[in-house]
Amino acid sequence: MPRRKHYRPTTRLVHGPEHSSKWDFSHHVTPPLSSSTTYRLDSARRGSRGFSEYGLRHSEIGEQPVYIYDRLDEPTRAILEDELANAEGGECCVTFASGMAAISAALGSILMPGDEIVAHPMLYGCTHSLFTNWYPRRNFGVHRVDMNDIDAVRAVVNDRTRVLYFESPTNPTLELIDIAALRALADEVNADRPEDRKLLVYIDNTFATPFCQRPLEHGADVVLHSLTKNLGGFGTEIGGAAVIPESMLTPMMMYRKDFGAILGSKSAWAIMVYGLPTLPLRLKRQQYTARKVARWLEDQDCVARCVYPGLESFSQAELAQRQLRDFDGDFAPGNMIYFTLDPKRVNAIRFADTIAHDAYSITLAVSLGHTKTLMEMPETMTHSVYGTPGEASIRLSIGLESPKDIIADLESALDAVKRG
Ligand SMILES: Cc1ncc(COP(=O)(O)O)c(C=O)c1O
């Protein structure tokens with residue numbers, strides 16, 4: 001067997017493992033898709049072994065685990081988990097039915113009533129809703145503090161605080177959070193905490209993907225993903241993943257088994273066979289286009305503000321250069337753009353409606369990390385739960401179209417709705 005360790009991540013995403021700790025498929029070129037809800041047990045002893053070993057690290061139980069029932073564990077999903085852990089440089093990965101299922105499990109499996117988390121104010125709308133609508137009912141405390149203000153974070157951390165939680169880049173405003181600075185704070189706090197009460201650094205890495213940023217290298221403990229976005233890449237599968245330290249594997253597997261939000265094997269297979277091998281290729285192309293589109297938007301009189309980590313004007317340029325690096329070490333600012341229009345010159349709703357009706361290369365739709373360029377209005381769509389309509393901003397997820405077409409569609413929509 002060739003030793004994979006010497007190959008670069010881009011190559012490993014194409015070839016994946018030829019064998020996983022959970023399934024030997026060394027004679028397949030494309031990994032197999034298993035689809036069986038339940039598994040034959042040769043003996044009562046095998047059945048009981050399957051249950052008693054469930055959720056243990058595979059190295060602890062030998063090469064071939066005993067499969068029992070799809071909701072407990074399943075080999076296709078398990079290969080994807082090995083690949084995702086590998087891509088992030090982590091110890092283990094557990095996948096879920098959606099990004100939200102991964103987030104709620106990664107938190108729900110460790111928090112006890114009375115525990116607290118500290119979270120950045122700006123988050124994906126449903127994560128904000130989880131923290132504001134559901135966590136108070138579970139008696140989980142949530143402090144919302146600017147995570148780049150380390151003194152402010154330190155001031156709210158107490159003995160009950162278990163998690164520092166953020167996205168970087170944030171959805172939708174593309175703020176970056178300094179992961180290494182939060183690691184240093186967590187280490188300070190953990191100096192006199194027991195192992196089972198350590199303060200953990202959680203990051204939702206959905207916007208960057210492991211291609212643009214590997215947060216474990218900067219000191220994060222847990223990396224969360226919506227696989228629905230660029231990791232799946234084609235807009236056909238919903239899924240989520242948590243890359244975790246080995247110490248969290250058993251509670252996460254138990255939580256997934258009992259709350260039941262598993263990733264279906266067919267979705268796991270599609271993400272593994274189509275999404276992961278093409279991730280670097282898609283993101284490189286999307287980034288190339290995003291740079292051009294962001295530069296063009298920035299130059300328009302009617303654009304009040306254009307945020308893209310690859311622009312010279314990006315306010316956290318030093319942090320962007322430090323954290324957003326691809327597998328080859330090149331700067332990787334991603335495919336997301338956030339901008340606002342000058343309300344005196346353009347009505348943003350009319351602009352969005354014009355895109356929806358007339359643009360071929362841009363689709364008015366939520367979600368992101370798709371082959372198609374998607375545009376949405378966070379205040380009234382993905383982030384409407386914040387309830388602050390304020391400025392009508394626009395989030396663009398750049399796809400694989402020609403940059404010239406995307407710019408031409410933006411230009412004609414702006415021309416059509418410009419006042420005066
Ligand atoms: C940053 C971020 N995290 C999590 C999610 C939730 O993912 P899913 O829709 O797969 O549950 C989203 C969805 O848009 C997101 O943008």
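Select residues 403–417, helix α14, which has 15 residues. From first C-alpha to last the helix reaches 22 Å, close to the 21 Å expected at 1.5 Å a residue, where the expected span is 1.5 Å times one less than the number of residues. Helices (H or I, at least four residues) and strands (E, at least two) are DSSP runs, numbered from the N terminus. This is a predicted model, in which local features need pLDDT of at least 70, side-chain atom pairs count only at pLDDT 80 or more, and totals for chains, interfaces and linings use all residues. Residues are numbered from 1 along each chain as its sequence is written, and side-chain values use heavy atoms, with hydrogens and water left out.

Within α14, colour the buried residues: Pro 403, Ile 406, Ile 407, Asp 409, Leu 410, Ala 413, Leu 414 and Val 417. Buried means under 20% relative accessible area, exposed over 50%, and partly exposed in between (1.4 Å probe, protein chains only). Look down the axis of α14: its buried residues fall within an arc of 160°, so they line one face of the helix. The arc is taken over the directions from the helix axis to the C-beta atoms. Next, show what covers these residues, including α11 (265–298), β11 (336–341) and α13 (348–358); contact here means heavy atoms within 4.5 Å. At the start of α14, a side-chain oxygen of Ser 402 comes to within 3.1 Å of the backbone nitrogen of Lys 404.

Move to α13, where Ala 348, Phe 351, Ala 352, Thr 354 and Ile 355 are buried. These residues cover an arc of only 160° around the axis, which puts them on the same side of α13. The buried residues of α13 pack against β11, β12, β13, β14 and α14. At the start of α13, look for a side-chain oxygen of Asn 347 within 2.9 Å of the backbone nitrogen of Ile 349.

Now select His 225, in strand β8 (residues 222–226). Is His 225 buried or exposed? His 225 is buried, with a relative accessible area of 3%. Its side chain makes a polar contact of 2.7 Å with that of Glu 88. A polar contact is a pair of N or O atoms within 3.5 Å; within protein, one must be able to donate a hydrogen and the other to accept it, and residues adjacent in sequence count only if both atoms are side-chain atoms. Among the other residues that His 225 touches are Gly 99, Asn 205 and Leu 231.

Show the ligand next. Of the 14 residues around the ligand, Gly 99, Asp 204, Ser 226, Thr 228 and Lys 229 come nearest, a residue being near if one of its heavy atoms lies within 4 Å. A backbone N or O atom of Gly 99 is 2.8 Å from a ligand oxygen atom, and a polar backbone atom of Met 100 is 2.9 Å from an oxygen atom of the ligand. In the side chain of Asp 204, an N or O atom lies 2.6 Å from a nitrogen atom of the ligand.

For the last stop, go to the loop between β6 (161–167) and α8 (179–190), where Pro 169 is found. The peptide bond from Ser 168 to Pro 169 is cis, with omega near -5°. Pro 172 is also in the loop between β6 and α8, and a cis peptide bond with omega of about 5° joins Asn 171 to Pro 172.

Notes
Lists of a residue's contacts leave out its neighbours within four places in sequence.
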